[in-house]
Amino acid sequence: MSDLVFADELPEELPQGRAKAIDPWVVMIVDDDPAVHQVTQLVMADFEFAGRRLQFLDAYSATEARELLQARQDIALVLLDVVMESEHAGLDLARYIREELENHHVRIVLRTGQPGQAPEEHVIKTYDINDYKEKTELTKRKLITVFYSALRSYRDIMIIDQSRQALRRSIDAITRIYDSQNLRRFASAVLEQVAHLLGYEAQGLCASRISAYAASHIEGRLKVLAATSEYSKLLVDEEVDSLPDDVRKSLDKALLDQQSHFEDLCFVGYYRTSSGNESLLYMVFSEPVDAEARELLEIFCANVAITYESLLLREEIADTQRSTVYIIGEAVEKRSKETGAHVRRVGELAALLAELVGMKAGDVEFMRQAAPLHDVGKIGIPDRVLNKPGKLDGEEWEIMQTHARIGYELLSKSDKRILQLGAIIAHEHHERWDGQGYPRGLAGEQIHVAGRIVALVDVFDALVSDRCYKKAWSFDEALAYVKGQAGTQFDPKLVALLLDHLDAVHEIYQRLPDRA
């Protein structure tokens, strides 16, 4: 009777143009008889499974085997003799592999010429091995069967393990998908997982091109959104021009045809969103993939594209919101005839101190966006008071002080977190640490930390800037003033943080200088 041959056991010819040969299955023979090594390798010389040949490692004792196992993590199968330097050397090695090395992937097939030394029932029950054979029964046909069974089992175990690792990376990355940059990390982890779940050796990337009318800051360029290890460097510079010619030609063809296509071992998926944004998935496989696998890849491409589009829209809304806040703050600044980038610097300085006091990243960003609204209440102050070049009299000072309450009343009407925080800042940024401020005379930690932060950075920036009632002070003069007011006008801990991080403060002023 002829042997049964399964589809994944058929030899596979390497297609022309394949970038590199697939790594062989690593098989270690552990036996003190050199003839066993020679016969095994001779019999299995032409063996191939799933398009991969064999690479043999020879160990003539359990001690040699331990050294090889410690040095290599890619051994798929161990053909293990029982009796070598001792009557139970092979059994001790099997236990060492599982318990000390904690290697549960490698398949262990015990081969013995003295079955009485290690009864099969006892060995199978006591030791974590995968098969037990007497050397006398290992004909060529049975040896081939052992290899197919062991390597198929090892392959499936590795697929499960790699999928578990990819799933772990995916779950870890889910919590960080708050912008398009973090989407790339998440999508790359998922792409690796998809390839493993399909059961194929695969490498590839996913890229997207935003339609011209939606590309306010992307300019319709093709950007890499995800990549397996071979293409992972593209996540750094996103330069698709450096791709190999065959990859770029495949992507260009899919963009031109506006449809997915499969050629030889290369799959290019195409997806177009309702907004006209286009996404491409390029994958190269070690063997042909079925229709179900292609469908899963197309679903992946579509979902990444939709998620990316949504994140870009959210980023656009956030940018619009940030710009609106700056416009409002600068409009108030211009009305008081003050030039420069005061509101932007206050936002950046406030974010710096918020980070230094230990606020979470999200709250730091809220501070950056809310702090520029600190003086929005000045829209209710008459020009004669707001722009008076000299010192205000008693009545005028009372009118000026109302801008804190006006700003609070304007901003507190909204339930949005940024505007709620802006309302607190507008209300409390003229309170003093010693309780002598306005409008409510709050002292110490009665003042919200956001109010304390902006109280410090607003005064500091005002000191180093020109105003209608004074000339700009030097940096050293302004620093000396805030240091002298620590514990009276300002929170002393915040003053210390500001003075300890002057490099970061100078960087903000270099980046946001006053405009003429």
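In what order do the five strands of the open sheet lie, and is their pairing parallel or antiparallel? The order is S7-S6-S10-S9-S8, and the pairing is antiparallel, where two strands count as paired if DSSP finds at least two bridges between them. This is a predicted model, in which local features need pLDDT of at least 70 and side-chain atom pairs count only at pLDDT 80 or more, whereas totals for chains, interfaces and linings use all residues. Residues are numbered from 1 along each chain as its sequence is written, and side-chain values use heavy atoms, with hydrogens and water left out.

**Overall make-up**

- The protein chain has 18 helices and ten strands, taken as DSSP runs (helices H or I of at least four residues, strands E of at least two) and numbered from the N terminus.
- Of the 516 residues in the protein chain, 47% are buried, a term that means under 20% relative accessible area, with exposed over 50% and partly exposed in between, for a 1.4 Å probe and protein chains only.
- Among contacts (heavy atoms within 4.5 Å) between residues at least 6 apart in sequence, 63% join residues at least 24 apart.

- The edge strands, each pairing on one side only, are S7 (222-227) and S8 (261-263).
- Neighbouring strands of this sheet are turned by 15° against each other on average, direction ignored, with axes fitted as lines to C-alpha atoms, for helices over the stretch in contact, and angles running from 0 to 180 degrees between N-to-C directions.
- Helix H8 (residues 245-257) packs on the sheet and touches S6, S7, S8, S9 (266-272) and S10 (278-285), its direction making about 140° with that of S10.
- Strand S6 (residues 202-209) is joined to S7 by five bridges in an antiparallel run, and Arg209 stands opposite Leu222 in S7.
- S6 also pairs with S10 in the antiparallel sense, over eight bridges, with Gln203 opposite Val284 in S10.
- S9 and S10, which run antiparallel, are joined by seven bridges, and Gly269 stands opposite Leu281 in S10.
- The hairpin of S9 and S10 has five residues between the strands, and in this hairpin Gly276 takes a positive phi near 90°.
- Because seven of the eight residues of S10 are buried, this strand is largely enclosed by the rest of the structure.

**Nonpolar cores**

- The largest nonpolar core has 34 residues, and Met367, Leu456 and Phe460 have the most contacts inside it; such a core is a set of buried Ala, Val, Leu, Ile, Met, Phe, Trp, Tyr and Cys residues joined through side-chain atoms within 4.5 Å.
- The helices that each supply at least two residues of this core include H10 (342-356), H11 (361-370), H14 (417-428) and H15 (449-463).
- Leaving aside neighbours within four places in sequence, Met367 is in contact with residues including Gly347, Ala350, Leu421, Ile425 and Ile453.
- A second, separate core of 27 residues includes Val78, Leu80, Val83 and Leu91.

**Packing of H11 and H14**

- H11 and H14 pack at an angle of about 65°, and their axes are 9 Å apart.
- The contact is made by Asp363, Phe366, Met367, Gln369 and Ala370 of H11 together with Arg417, Ile418, Leu421, Gly422 and Ile425 of H14.

**Surroundings of Arg384**

- Arg384, which lies in helix H12 (residues 383-386), touches Glu395, Glu396 and Ile399 when residues up to four places away in sequence are not counted.
- The C-alpha atoms of Arg384 and Glu396 are separated by 8.9 Å, the two residues being twelve apart along the chain.
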